[in-house]
Amino acid sequence: MRRRGRCRIVREACPDALAKTSSGPSKAVQKCPIDGRPGIIAPMTQDELKALVGQAAIAYVQPGSIVGVGTGSTVNHFIEALARMPVRVAGAVSSSVQSTARLHAHGIPVLEANEVTGLGVYVDGADEIDPRGCMIKGGGAALTREKIVADLAGKFICIADESKRVPVLGGFPLPVEVIAMSIAQIMRRFAAMGGQPSVRANVLTDNGHPLIDVRGLSITDPDALEREINQWPGVVSVGIFARHRAHVCLLGTASGVQTLTYER
Ligand code: 5RP
């Protein structure tokens with residue numbers, strides 16, 4: 001299978017080969033809009049879009065630098081792209097045990113956040129991203145460490161497939177990492193603002209804390225809501241990334257990678 005920009009040729013076929021297929025040339029056989037060769041053209045899958053943006057993020061990474069690395073299936077593609085760099089990074093600061101293991105598996109040194117004074121870029125995915133670059137994160141339970149590493153970085157490069165782009169945050173349940181003894185009070189606070197909170201079953205974060213997921217919020221002012229929730233006793237961190245919103249989003253779309261940049 002070969003990828004050609006916005007589509008993938010699932011099965012290459014010359015006209016003779018197509019004529020010999022039992023069902024004959026199917027309607028799905030088309031000319032590739034990019035190179036004109038015949039084949040079965042299929043739209044890219046969500047995972048292929050994630051791979052596309054994972055690779056595209058390499059353009060923001062200085063060879064020999066220390067890079068901030070997020071967590072999730074999109075970032076896994078970024079880690080693979082890091083491993084393919086002809087001149088590699090000197091190391092990474094990782095936002096989760098999972099990403100650390102993947103970086104180590106590729107022989108990329110992982111530094112503690114406390115060992116660096118700053119990072120050029122932090123590359124991470126998102127569960128949702130709004131028109132200002134504010135995000136919901138934490139679907140993979142790594143929100144606290146993600147915010148810590150993002151805070152060290154000069155630039156947050158968000159990598160996401162187009163399903164993550166939304167006009168208003170809140171369709172994805174908002175993750176909140178909490179100290180266990182505060183769960184009931186924090187859930188009451190969310191219920192009072194119209195949300196439906198639930199404790200994420202069978203999950204503790206890398207820091208050993210439970211997570212609350214809040215459905216039914218329409219987050220029209222992410223900055224204000226992030227500030228408010230951060231003040232509640234027992235909140236370790238909230239998965240609204242407004243203060244640490246993206247500088248750039250590389251969005252995987254049917255027509256290729258779109259680069260969105262956000263005013264500060
Ligand atoms: C993990 C995260 C991820 O960035 C977010 O869940 C997106 O994940 P994926 O790339 O698998 O869609 O915030 O805590």
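This is a predicted model: local features need pLDDT of at least 70, side-chain atom pairs count only at pLDDT 80 or more; totals for chains, interfaces and linings use all residues.
How many residues of the shell around the ligand are nonpolar, polar and charged?

**View 1. The shell around the ligand.** The shell divides into 4 nonpolar, 9 polar and 4 charged residues. Of the 17 residues around the ligand, five come nearest: Gly72, Thr74, Gly125, Gly139 and Gly140. Helix H3 (73–84) and helix H5 (143–152) are the elements that give two or more residues to this shell.

**View 2. An open sheet of 4 strands.** The strand order is S13-S14-S12-S15. Pairing is antiparallel. Strand S13 (196–199) and strand S15 (235–238) stand at the edges. Each edge strand has a single partner, so one of its sides is left without a neighbour in the sheet. From one strand to the next, the twist averages 25 degrees.

**View 3. The pairing of S12 with S14.** Strand S12 covers residues 174–178, and strand S14 covers residues 211–215. The two run antiparallel and are joined by 4 bridges. Pro175 stands opposite Asp213 in S14.

**View 4. Helix H5 on the sheet.** H5 packs on the sheet and touches S12 and S15. The direction of H5 makes about 70 degrees with that of S15. Helix H5 also gives two or more residues to the shell around the ligand.

**View 5. Helix H7 across S12 and S15.** Helix H7 spans residues 222–230 and lies across S12 and S15. H7 runs at about 170 degrees to S15. Strand S15 is an edge strand of the sheet.

Technical notes:
Residues are numbered from 1 along each chain as its sequence is written. A residue is near a molecule or strand if its C-beta atom, placed from the backbone, lies within 6 Å of it. Ala, Val, Leu, Ile, Met, Phe, Trp, Tyr, Cys and Pro count as nonpolar, Asp, Glu, Lys and Arg as charged, and the others, Gly among them, as polar. Two strands pair if DSSP finds at least two bridges between them. Axes are lines fitted to C-alpha atoms, for helices over the stretch in contact, and angles run from 0 to 180 degrees between N-to-C directions. Two residues are in contact if their C-beta atoms, placed from the backbone, lie within 7 Å.
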